[in-house]
Amino acid sequence: MAAESEARRAELARKTKETAISVAVNVDGTGEARISTGIGFFDHMLDQLSRHSLIDMTIEAKGDLHIDDHHTVEDVGIAIGQALAKALGDRAGVTRYASIDLAMDETMTKAALDLSGRPFLVWNVTFPSEKIGTFDTELVREFFHALAQNAGITLHVMNHYGANSHHIAETCFKAVARALRAAAEIDPRQEGRVPSTKGMLA
């Protein structure tokens with residue numbers, strides 16, 4: 001696994017007039033997270049994404065939070081997605097597909113994904129409130145849309161039920177994390193092949 005771990009790392013920096021972001025990921029990590037975006041709830045969710053995917057993530061973001069959180073959340077999703085795409089490379093040997101139904105208290109959410117190289121998001125999640133503290137719940141979708149588009153992931157997220165917006169958001173992040181962990185795992189039976197009859201993904 002050492003060679004795979006070395007190969008499945010990436011770093012990148014993204015700077016615009018709205019945000020400055022640096023990201024480092026290790027797909028074969030232990031879920032160690034060092035995250036600072038200036039948005040407390042978002043940091044908590046990204047920590048869950050790292051911890052439950054076992055992908056080490058270092059994320060530093062400075063954005064125009066005096067306007068709102070939108071640019072920072074979206075651009076962090078873009079940067080993580082691009083870093084994951086770079087770290088996964090041609091995706092040879094990966095399990096590719098995974099799905100999970102994840103429960104948290106009164107809430108259950110399903111995440112299903114394909115590391116296809118073809119980005120697509122199906123989002124079937126409704127929040128009972130517009131805010132979690134000061135965080136806009138609509139930004140949860142914006143993050144996953146940016147992540148899927150830039151990582152080249154087909155991602156479906158469906159909240160089966162739930163009453164608490166915090167729990168719904170957290171199950172989205174945890175479910176995607178667990179599905180991503182399973183899909184990115186190296187399948188020893190693949191013997192390094194790209195898991196597609198086309199011989200390539202995307």
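A crossing of two helices is left-handed if the near helix is turned anticlockwise from the far one by less than a right angle, and right-handed if clockwise. By that rule, α2 and α5 cross in a right-handed manner. The structure is a predicted model, in which local features need pLDDT of at least 70, side-chain atom pairs count only at pLDDT 80 or more, and totals for chains, interfaces and linings use all residues. Residues are numbered from 1 along each chain as its sequence is written, and side-chain values use heavy atoms, with hydrogens and water left out. Helices (H or I, at least four residues) and strands (E, at least two) are DSSP runs, numbered from the N terminus.

**Packing of α2 and α5**

- Two packed helices are described by the angle between their axes and the distance between the axes.
- Helix α2 (residues 40–53) packs on helix α5 (residues 165–184) with the axes 7 Å apart and at an angle of about 30 degrees; axes are lines fitted to C-alpha atoms, for helices over the stretch in contact, and angles run from 0 to 180 degrees between N-to-C directions.
- This makes α2 roughly parallel to α5 (under 35 degrees counts as roughly parallel, over 145 as roughly antiparallel, 65 to 115 as roughly perpendicular and the rest as oblique).
- On the α2 side, the residues that make the contact (heavy atoms within 4.5 Å) are F41, H44, M45, L46, Q48, L49, H52 and S53.
- On the α5 side, they include H166, A169, E170, F173 and K174.

- R8 sits in the loop between α1 (2–7) and β1 (9–15).
- With a relative accessibility of 7%, R8 is classed as buried (buried means under 20% relative accessible area, exposed over 50%, partly exposed in between, with a 1.4 Å probe and protein chains only).
- Beyond its neighbours within four places in sequence, R8 contacts V25, N26, V27, D28, A87, L88, V94, A184 and I186.
- A83 is 75 residues from R8 along the chain, and the C-alpha atoms of the two are separated by 9.9 Å.

**Salt bridges**

- Side chains of opposite charge can pair when their charged atoms come close.
- The whole structure contains eight salt bridges, each being a side-chain nitrogen of Lys or Arg within 4 Å of a carboxyl oxygen of Asp or Glu.
- One of them joins the side chains of D28 and R8, at 2.7 Å from N to O.
- D28 lies in the loop between β2 (19–26) and β3 (33–36), and R8 is 20 residues away in the loop between α1 and β1, so the pair links distant parts of the chain.
- Both D28 and R8 are buried.
- Another salt bridge is formed by the side chains of D114 and R96, at 2.7 Å from N to O.
- D114 is in strand β6 (residues 107–114) and R96 in the loop between α3 (70–88) and β5 (97–104), so this pair ties together parts that are 18 residues apart in sequence.
- D114 is buried at a relative accessible area of 9%, and R96 is buried at 6%.
- R141 pairs with E142 in a salt bridge whose closest N and O atoms are 4.0 Å apart.
- R141 is partly exposed at 32% relative accessibility, and E142 is partly exposed with a relative accessible area of 23%.

**Positive phi values**

- Most residues other than glycine have a negative phi, and most peptide bonds are trans.
- R96 has a positive phi, near 80 degrees.
- D105 also has a positive phi, near 50 degrees.
- D105 belongs to the loop between β5 and β6 and is exposed, at 65% relative accessibility.
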